[in-house]
Amino acid sequence: MNEQNHVIHKDGQVSTDKVDNAIEKIAPEEREQILQNFDAFKGYLGKRIAMGESIGLGEEQMAKIAEKVADYLAAREEPRNREEKLLQELWNVGKEEERHMLAHMLVRLAQGSTPNH
């Protein structure tokens, strides 16, 4: 697969317009497993954030990706637990600036769920 299809390029550039496609490429069974349990969801995000950090992405770049992921989940996935339901409700009532701040908080929350932080 060529680099044009990736969200994050080798040079550190981020293509947030590719987030939906990247999520849709996750097998439905794997997506269900990730979303079924909030700790599994945080762990999955934490691993992806650690990977982003390892290639030099900053919090702002990761928050922009998190915004796109949250937009996708709010529009296309039903919450599987109370935590996801709360996040979806907050996302849906938030204005653009509030959603951006919530994305930053999600990045920090997920960073705390990885052993390195």
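The largest pocket holds about 1,100 Å³ of space. A pocket here is an open set of points on a 1 Å grid over the protein atoms alone, with protein on both sides within 12 Å along at least five of seven lines. Grid points are joined across faces, edges and corners, and the volume is the space filled by probe spheres set on them. The structure is a predicted model: local features need pLDDT of at least 70, side-chain atom pairs need 80 or more, and totals for chains, interfaces and linings use all residues. Residues are numbered from 1 along each chain as its sequence is written, and side-chain values use heavy atoms, without hydrogens and water.

The largest pocket is lined by 42 residues, each with an atom within 4 Å of a point. Ile23, Tyr44, Leu45, Arg48 and Val69 are the closest to its centre. By class, the lining has 28 nonpolar, five polar and nine charged residues. Ala, Val, Leu, Ile, Met, Phe, Trp, Tyr, Cys and Pro count as nonpolar; Asp, Glu, Lys and Arg count as charged; the others, Gly among them, count as polar. At least two lining residues come from each of helix 1 (19-24), helix 2 (28-36), helix 3, helix 4 (59-76), helix 5 (82-93) and helix 6 (96-111).

The protein has six helices and zero strands. Helices (H or I, at least four residues) and strands (E, at least two) are DSSP runs, numbered from the N terminus. Of the 117 residues, 35% count as buried, that is, under 20% relative accessible area with a 1.4 Å probe, protein chains only. Contacts (heavy atoms within 4.5 Å) reach across the sequence. Among those with a separation of 6 or more, 62% join residues 24 or more positions apart. The accessible surface comes to about 7,500 Å², and carbon and sulfur atoms account for 51% of that area. These areas follow the Shrake-Rupley method with a 1.4 Å probe.

One aromatic pair was counted. Rings of Phe, Tyr and Trp (its six-membered ring) pair if their centres lie within 6.5 Å; planes under 30 degrees apart are stacked, over 60 edge-to-face, and the rest tilted. Phe38 and Phe41 form a tilted pair, 6.0 Å centre to centre with 35° between the planes. Both lie in helix 3 (residues 38-54), three residues apart, about one turn of the helix. Phe38 and Phe41 are both buried.

His100 lies in helix 6. His100 counts as buried because its relative accessibility is 18%. Beyond residues up to four places away in sequence, His100 touches Glu60, Ala63, Lys64 and Glu67.

Conventions:
Buried means under 20% relative accessible area, exposed over 50%, partly exposed in between (1.4 Å probe, protein chains only). On a 1 Å grid over the protein atoms alone, a cavity is a set of points where a 1.4 Å probe fits but cannot get out, and a pocket is an open set with protein on both sides within 12 Å along at least five of seven lines; lining residues have an atom within 4 Å of a point.
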